[in-house]
Amino acid sequence: MEHYEQARYAPAEGETNEPLLSENDQTTVSVDPSLPDDLTRDTVELPSLEEPELARHYVRLSQQNYGVDSGPYPLGSCTMKYNPRFTEDAAALPAAAVHPDRSETALQGTLAVMHDLQDYLGRIGGMDAVTLQPPAGAAGEFTGILIAEAYHEATDGGHRNEVIVPDAAHGTNFASAALGGYDVIELPSGDDGRVDLDALEAALGENTAALMLTNPNTLGLFERDIEPIAEMVHDAGGLLYYDGANLNALLGRARPGDMGFDIMHFNVHKTFATPHGGGGPGAGPVGVTDELAGFLPDPHVRQSAGGDYELYTPPRSIGKVHGFQGNWPVLVKAFAYIDRLGDSGLADASAKAVLNANYLADQLDYEIPLGPFHHEFVASAGDQDAADVAKRMLDYGVHPPTTKWPELVAEALMTEPTETESKRTLDDLADAFNAVAGDDDAALADAPSRTTARRIDQTAAARNPRLSWHDLD
Amino acid sequence: MSFDVPDDLQYLESHEWIDPATGRVGISEFAQDELGDVVFVELPSVGDALDQHDELGVVESIKAVSDLYAPVSGEVTAVNDALTNEPELVNEAPFGDGWLVEIDFDSDDLEATLDSDDYRAQIA
Amino acid sequence: MSGSPYASPSEADTDAMLDAVGVDRVDELFDIPPEVSFDGEFGIDAKSEQAALRGVRRRLSDNDDLTEFLGRGHYEHYVPSLVDSVSQRSEFITSYTQYQPEITQGFLQVLFEYQSLLVELTGLGVANCSMYDAATALAEAALLAKRVRAADGNRVLVPGFVRDSHVDVLRNYTSGSDVVVERYATDAGNVDLDALEAAMDADVVMVYAENPTTCGTVEEQLCAVGDLADSHDALFCLGSDPVAMSILQRPVDVGADVVVGDASVLGMPTSYGTGLGVFATRKEFLRQVPGRLVGASEDDAGTRAFTLTLQTREQHIRKERATSNICTNQAWVALRAAIHAAWLGADGLVDLAERMVELPRDLAARLDDVSGVTAPVHDDRHHIREFQARTEQPAPAVASALEAEGFGVHAVDDHTIQVCVTDANEHATDAFVAAVREVSE
């Protein structure tokens, strides 16, 4: 435990929080441009700091922030793996800085990267065509829903108004289906944490547009019945949608296309190590089977017979899901990562992700009720409150797992170490978990005590929302 | 932990209570404890007509959202405006200052509600 | 080469871990039925870091070396070096969404400061910490309008000159509701008030206008648009950006209920359309705001601290009844924009915006001197960053010829090009004017 005596982000003795920019001198500037008065505002009031002070402001703030370069980040389902730095250099190449309205001829390099990334993702997912336009995973889900809707509209009149989502699915699945105007049918999981075929049979019907599924699911369990599931959904006339959040467990061992999925999205952050940036930008490419390729968003990238790359509108395109072409720099990083790892590296990433999860689980004192799991597992905090466990783990210098979700496991600790942690780190992480498991209620309730901020009053924040410095006294 | 379940009120399985004498409606002490700190309450307007088991509003804690259901049919005659600025009243006095609405109702509807013994058994 | 260079366990450790778990091979840990197992190959060769970087560079080298005078919704301003050096700090870029606020105070504070910047510029009570881009933000505004309007209604009105792509996104996002998106006429680079008034009825839930417009003009009738919307109980959604807002009429003063737009005009180089969706609105709609919000609170020691708040609006709690399906947004782009804005300060921001009025005015005047070119098309209007010019020759031919000379412009219709000039490309205006002369005369 020596290793975690001093939490990494603890402020030095006596250090206070960083002042807000607005707590420095504010400058009020009168606007006097070469425009008529009635077209302009009167004043702008903003903080005024010179660059040296600003540099320190932001560096100090960075020091009050925990990233995966700071230490392990076993946030289940969020997949915080190491982000190779060379991909930043790739995305920052001067030739990558292009405007989206350039002509195709002036854009051959960008289109080449996009074409090759579409191709790589198709091979990895077992999909026939891939769009890169959705700017995040949830946007990918919505794109998939739009494609499903357009497909049903074209093939059987668009009466289907239901999307089935397992109860343990990501909240975005429900919200994306609802955004598309669908009624969401929540599918209760079986006792083994997997899809219950009887419940699925009961949920399917002539109104079923799609079933959205994550595999391995959020408990890390592979849906072994995926073949019969696909058959049942297809027999009912529905489409099978793959939420790619957990594809990082399967690289080189199984492909959604081979399992019978018709549509899928990739989370490039989770699977291809693009940095999450504290909440984006992400990218959520969507892959589809041949039958659905004509519905992909506009425009799509393809290579002409002459070898040039071109943008074209698929014949029955759903249109656009982003004003331009999505989050391009993120796509460059994903391409660079895949290209570097290749077949052997990608397969090894999944293998080590699964090994690391299983090894860490083996070291823990907390019970893990459901298995066999792959890249993540859900332990139960038992009599402890999982949220308190998380706060206490901060005192041991590590980021805690996802807590209280999925609800199938009481006081869930959803843990995903990823392949990029070493055995030594996993041992230390296990020590932190086990130390907390042995801590008493008082220690848990009091935590965290070694962090920049002590436990934050969420209730006060919600009852009295103060959302800008204008709201502060 | 045992919760107060006043005998003079009627209840729904979904934890709303109604005072048969006044038509006043709220949520039970058990329900507010399950929810945790209430941070926001969304209620209907005076004059709204409700059917029994219609959605009456929403009560939110930090991490959960719960629908409220009308224990009886009728017209909303009063709304507890104090909850706008003090949603914590639902936690502090669920049977008192933390009431939600008052409904002008038909007493026949009460047959479909639980009495205090039944409700106590439900939350035991 | 075998294995991932970023999978940390060594060979010896791997053996020890397999031992501990009680299996001989990693394969035994996978619970995948053979009938869906994949034993093929992707056919992607592993490479060294250097080779992979070279591969990206080689592909991108096929992008022409173009000086872009392109805008229409995606703009470039000079980005100070501080933005890169600070935003690339590991603690920022390798962090996740701030689910544990006690160890992510730094990012939360930056996002709070970003929200504050937008509140100052819009004059509205609340701004979220980002949508994907201007188009999706506009779509979310329409969905908000639909939710908050007491009376039924389903018409959303947008001006004719808005990019087709943005209207398409708006249509897709509202396709799950009964919303109908309609365009209303514009006149001389501004909204046509008569046409808008004629289009208004009790079914209109939202009216959209822009300042500056997609064709670069300053919109001069915002108050009238706001009044029209208000008198029909419709929301007024205004599209703008943080640079333009620093000098143009304050959105709240023209009656805007929602402000959307792209804030990646600050902090980002040209990046093939990567956006930073602004979303600001009145406090009365707080519970209906899509996306993440950072709020101030206190910790157990009584010290001010920040946290994500009002999360019951969001998909991870409210699921199909969430205000939006958005989860990951553009946080790191917001961080970059916030740093850039702070670096400029009030003086710098206003100076930059004033330059954006002068540059297109000067360039349009110079192009107007070129025979075969009339600029600006909307000569009664003021412009920000860009303007349209009429060309005697077909515009697509002019654009192609300019591209051959190393310059990018938009061809917006048969005889109209659009030209964008900012601090990022103004150094090239002499050469650009010469090239226009070359291809036009």
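**Figure 1. Salt bridges across the interface of chain C and chain B.** Four salt bridges are found by the rule across the interface of chain C and chain B, in what is a predicted model. One of the pairs shown is R318(C) with E60(B), where the closest N and O atoms are 2.9 Å apart. Polar contacts between chain C and chain B, counted with both residues at pLDDT 80 or more, come to three residue pairs. On the side of chain C that touches chain B, the residues divide into three charged, one polar and one nonpolar.

**Figure 2. Contact and buried area between chain C and chain B.** Five residues of chain C are in contact with 11 residues of chain B. The two chains bury about 680 Å² between them, with 46% of it on carbon and sulfur atoms. Within chain C, the residues that lose the most area to chain B are R287(C), R318(C) and R321(C), and together they make up 61% of what that side buries. R318(C) is also the residue that forms a salt bridge with E60(B).

**Figure 3. Extent of the interface of chain A and chain C.** The contact takes 191 residues from chain A and 164 residues from chain C. The size of an interface is often given as the accessible area lost when the parts come together. For chain A and chain C the area buried is about 15,400 Å², and carbon and sulfur atoms give 60% of this. R41(A), R340(A) and L467(A) supply 6% of the area that chain A buries against chain C, more than any other three residues.

Figure 4. Side chains of opposite charge can pair when their charged atoms come close. Between chain A and chain C the count is 11 salt bridges. In one view, the side chains of D27(C) and R253(A) meet in a salt bridge, at 2.9 Å from N to O. On the side of chain A that touches chain C, helix α10 (residues 328–363) of chain A gives the most, with 28 residues. The residues of that side of chain A divide into 97 nonpolar, 53 polar and 41 charged.

**Figure 5. A salt bridge within helix α1 of chain A.** E53(A) and R56(A) form a salt bridge, their closest N and O atoms being 3.9 Å apart. Both residues lie in helix α1 (residues 51–63) of chain A, where E53(A) and R56(A) are three residues apart, about one turn of the helix. Over all chains, the count by this rule comes to 52 salt bridges.

**Figure 6. An open sheet in chain C.** Strands of a sheet pair through backbone hydrogen bonds, either parallel or antiparallel. Here four strands of chain C form an open sheet with antiparallel pairing, in the order β13-β14-β17-β16. The edge strands of chain C are β13 (373–374) and β16 (410–413), each of which pairs on one side only. Strand β16(C) runs antiparallel to strand β17 (residues 416–420) of chain C, and three bridges join the two.

**Figure 7. Domains of chain A.** The domain assignment divides chain A into domain 1 (2–69), domain 2 (86–340) and domain 3 (344–460). The C-alpha centres of domain 1 of chain A and domain 3 of chain A lie 33 Å apart.

How values were computed: Residues numbered from 1 in each chain as written. Chains lettered and ligands numbered in written order. Predicted model: local features only at pLDDT ≥ 70, side-chain atom pairs only at ≥ 80, totals over all residues. Heavy atoms only, no water. Contact = heavy atoms within 4.5 Å. Buried area = accessible area lost by both parts, 1.4 Å probe. Polar contact = N/O pair within 3.5 Å; in protein donor to acceptor, adjacent residues only side chain to side chain. Nonpolar A, V, L, I, M, F, W, Y, C, P; charged D, E, K, R; others polar. Domains from an automatic or database assignment. Pairing = 2+ DSSP bridges.
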